[in-house]
Each structure stands twice: as structure tokens, then as C-alpha cells.
Amino acid sequence: MIFGSVPTRDAVGCILAHSTKLPSATYKKGRVLDAQDVAALAAAGVEEIVVAQLSPDDVSEDVAAERIAAACNGGHLSSDRPFTGRVNLHAEAAGLLILDASAINEMNRIDPAITIATLPAYEKVAEGRMVATAKIIPFAVPGDLIAQAEATISRGLRIAPFRSRKIGLVATKLDHLKPATMDKTRRVLDQRLSASNSQIVGEERVAHTPQAVAEAMKRLQASGADLLVLFGASAVVDRQDVLPRAIEAAGGSVTYFGMPVDPGNLLLLGDYQGVPVIGAPGCARSPKENGFDWILDRLLARIDVRPEDISGLGVGGLLMEIGSRPQPREKTEHSKSPNVGAIVLAAGKSSRMGPRNKLLETVNGVPLVAHAAGAASLAFIGQTIVITGHMASEIAECLDGMDVTLVHNPDYADGMAGSIRAGVAALGPDIDAAVILLGDMPGINARIVQDMIAAYSDNPSTLIVAASADGRRGNPVLWDKRFFPDLMKLHGDIGARHIIAENSHLLREVDIGDAARIDLDTPEALASYREVSDPVNKS
């Protein structure tokens, strides 16, 4: 391929290198110029133009990308139509992405012009998710290089689809383990199995002894279970502990114990008459990702798990902390003099209020959003951030003169989660915790915010403080910085209630009365609130 400037009159059949605007039209880069295009360019006074000229053995960018995508497809992948030298590949089924990393690296080293980028190996993907993209950098590449790339990456990517399995669950009992915890464990396992349409076909809760577990395994396997999951009331800490001894007592074998993934170190893998057996680590009782997920997903995709597969998981095996762990690897205590910030959510469209933006409505002569921002900024908060979206300029005008930082969320229509993420991202590095306030709660004042901060500061093991009314949680909620990564993962219009539920032992509630649950989403609710608190302004 020849690249560079040529006289415009000689550019017929060449590829335009840069978008060019003419009085009557705009020619985008990549356009193959014809005689009419060249005449228009000349008429506009363009005497020279930068183009690419293909040699006879060159392959154009779209064709080259299409060939790479087709060559790498080892099964259950679909390709988009090529565009500007790019072809995206998508999963045709839910499952795991299996790839030949060495082949991908080798192909990417043939020439910088030829590239493919993928998700990580063994990534769990839903049907339709993009898993890789083939991209040709210039407008064309020599045909012999494309042929070499095709041969190198041949069938280097595939999806191993999840296949439904019949799960037998054995859970052991000890006095300290509550039935409610065992019930939750089953629900969490059900959630993990949903992507593969697998089902728990039998559950046995038995004594925490090798013989009791072994007999339960035999009964479940005989009833048709093709994957056994063992949850011990006490964690496995040795190859001679209850669960590994149970597998051997049943006539099975222990394949591997321990894994370089944290959380998930105490995972046990075995086999019983051709049926895989997983001894689950304690962290598998939590829905958060841990090493148990990695091994379970492979077995649900019918991928054999060898000892070397497990021992090779250390790089990338340090996962997020699970707050409910009995012995967290990070200290859960915080400073007794924390620097607390505030995030006021003021981006929503308040659609239930009709044509009015509820945050601009006044109570006692003050806009609702100013009540919330004032409560934060007057409570000796280290940093107050107000997230704007709908009618951002009008919201900003209401807060003029206040010591707050405005952060605009352009995706406010997608739901509350985006505003929470924007607020957390804007917090300074010195912030130890943040109070998240809703913009439409005029009953929240500086004293309430201070009381919540005091509840947090007084107990170094308290990491979440939620306002409540008569035992029912409401808003605001204070979050220790340990949970900022979890808040950054929220999506849609779902709040963070599930995070509180998973970490209830780190929660303290502060009863602030009705102010915690005031809901001013409708004109009727606003009028009713004004009737009581703002008799001068009832309309």
C-alpha cells in the first residue's frame, strides 16, 4: 500500500485518508474516490489530497478483518458486518470464553497492522455479549500477512456453552450454624446456577461427620445428581478434615485442596464415580464473586478442571473483599476521627411530579434540593457533592452561594445508580466515608447528619449507618470507603439495599423518625407535607 499526498486529479480509485469538508458535502475518511468526487474536490480548490493506494496483493481493511474473525471462530461465536476495518465477535450462547492465549499473542506479533483483542480467558458471558474485536489498523495489509495470521489464530476462540446439570447439595449442621444461614446458602447457589438452567435436584442437611456426608453423597448420586456440592458447617482446613474424608469414605477421591484465589482459598475438588464434587469454601455463602464461581462455572460448561488449572489461577486471583468473612483479610475498623463527605442526588426527572421538577419546589420558602444540600454542608462535612442531571442549570441556581461542588451526570435518565457512581468518583482521596442523601427529603437537617456521623465515629467496626423510622430503614445512608468499589458497580435504578443486606453485621441504624421515610414523589405528597410543615405555602 502506498500512502501520501497526490495531485487531486490523480486520486480516482484511491482511498481518502482524512475526512474532507466541501461546500456541498463532507467526504469521510476511507471513501474510495470516483471521478465525480475528484471533480468536486478540484472545483473546491483542493489541489492535493492525502490518500492510500492499494497494491495488487493488498487486502482491504474490511475484508482482512472479516477473514481474521472467521479464522479465529472455534464455535458458538457470531460476527458483525465489517466496518472501518473492525469486526466484533459475540457469544451465541451463555457460557465461558475459551481462548488460545499463545496463538492470539503470536498473531498480534505478526505485524502491528493486524490485531485482535478479547475478554479474559474463562470469562463468564451472556448470550450476545461481545467477546472479541478484530481490527486492521491501516486501510489495507499485504495478503500474505493475512494468510499467516489466519493460520496462526485458527479456531483460537470459542464459547463453551453452559449445559444444564443436576446438582446434589450436601450441607452439614453444627449448633452455631443457623437454619436461616443454610437457607440463604441454598438461595445463593440457586442464583449461581440460573445462567446454566441447572437445578438443585436434592438437598440433604446432615451431621458434620465423614460418614453422614458420605451416605448423603451416595443417595444424591443414586437419585441422578451429576454434580455434588458440599457445604461444611465448619471450613475445611486440612486434607484429613470432614469433607475430604467423606469423599474418600464414599469411595471417591480428592483431586485438589486449596487454591491461589482469595476469597476462595479453602476450595476442595474431588470425584465420586465420575461425578465432580466441590467442597465449597465459606465465602461461597456470599453472592459476591469468589474462587468457587470460577470452578463451578467451568464444571457447568463441561470443562475438565485439572490440578494445574487450579494452581495456575494465582495471577489475577486476588478478588474483592467480602465483608461478611469471619476473618477479613483487611482491617474493618476505621479512624475515630474520620473525614466524611456527602453526596446529594439531585439529577432525576421527578416524572411522577408531572411537568414540575420536585427538587425546585419550595417548603418553608426553600427549594427541596437546597434543604438537602444545606443539611450536608452545615454538618461539618469535609466535602459536599451535588449530582445534577435534569434541569441542571436551574438546580445550580438554587444552590448558588452554598459550599457545594456540582457534578453533572449526563446519564441521569438511566437511573439512580449512575448518579451514585458519579458522586463516589468525585470524592477526594482523603474522604473516609460518605453520606448519600436524596434531594427530596426536607426533613433531613444538619443535626441528623451529625448524629449519623457520630454513630459511625463512635464504633470503629461500624461501616454502614442507615437512618430509620420505627425499625424500618430509610435514607440517608452513610458508607465507609470500603464500600466505594461496590457502589461504583451499581447499575440502573436499583439502590444499594443488597449491599446492606449482605453486610448487616457492619450496620448501625439511627432512628430519626418520619424524616427517614418521607416520599415527596407526587403533587399530592408534596401538598400533604406542606399542609403540616409549611402552612403558608400549601399550593
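**View 1. In this predicted model, Leu 228 has Val 277 of strand β20 standing opposite.** The model is a prediction, in which local features need a pLDDT of at least 70 and side-chain atom pairs count only at pLDDT 80 or more, whereas totals for chains, interfaces and linings use all residues. Residues are numbered from 1 along each chain as its sequence is written, and side-chain values use heavy atoms, with hydrogens and water left out. Strand β17 (residues 227–231) and strand β20 (residues 275–280) run parallel and are joined by four bridges. Strands are DSSP runs of E with at least two residues, helices are runs of H or I with at least four, and both are numbered from the N terminus; two strands pair if DSSP finds at least two bridges between them.

**View 2. Six strands make an open sheet with mixed pairing.** The strands follow the order β16-β15-β17-β20-β19-β18. At the edges stand β16 (199–207) and β18 (253–257), and because each has a single partner strand, one side of each is left without a neighbour in the sheet. From one strand to the next, the twist averages 20°. Helix α5 (residues 179–193) packs on this sheet, where it touches β15 (166–173), β16 and β17, and its direction makes about 155° with that of β16. Helix α6 (residues 210–222) also packs on the sheet, touching β15, β16, β17, β19 (268–272) and β20, and its direction makes about 155° with that of β16. Touching, or contact, means heavy atoms within 4.5 Å, while the angles, which run from 0 to 180 degrees, are taken between N-to-C directions of lines fitted to C-alpha atoms, for helices over the stretch in contact.

**View 3. Strand β19 is mostly covered, with four of its five residues buried.** Buried means under 20% relative accessible area, exposed means over 50%, and partly exposed lies in between, with a 1.4 Å probe and protein chains only. On one side, β19 pairs with β18 in the antiparallel sense over four bridges, and Phe 257 has Leu 268 of β19 as its bridge partner. The loop between β18 and β19 holds Pro 263, and the peptide bond that leads from Asp 262 to Pro 263 is cis, with omega near 5°. The pairing of β19 with β20 is likewise antiparallel and spans five bridges, with Ile 278 in β20 as the bridge partner of Leu 269. These two strands, β19 and β20, form a hairpin with two residues between them, and in the turn Gln 273 has a positive phi of about 50°.

View 4. Strand β27 (residues 464–469) runs parallel to β29 and is joined to it by five bridges, and the bridge partner of Ile 464 in β29 is Leu 507.

**View 5. The largest pocket has a volume of about 1300 Å³.** It is lined by 40 residues, of which Leu 345, Met 416, Leu 438, Asn 475 and Asp 493 are the closest to its centre. On a 1 Å grid over the protein atoms alone, a pocket is an open set of points, where a 1.4 Å probe fits, with protein on both sides within 12 Å along at least five of seven lines, and lining residues have an atom within 4 Å of a point. Grid points are joined across faces, edges and corners, and the volume is the space filled by probe spheres set on the points. Strand β28 gives the most to the lining, with five residues. The lining divides into 20 nonpolar, 10 polar and 10 charged residues, where Ala, Val, Leu, Ile, Met, Phe, Trp, Tyr, Cys and Pro count as nonpolar, Asp, Glu, Lys and Arg as charged, and the others, Gly among them, as polar. Pro 476 is found in strand β28, and the peptide bond from Asn 475 to Pro 476 is cis, with omega near 5°.
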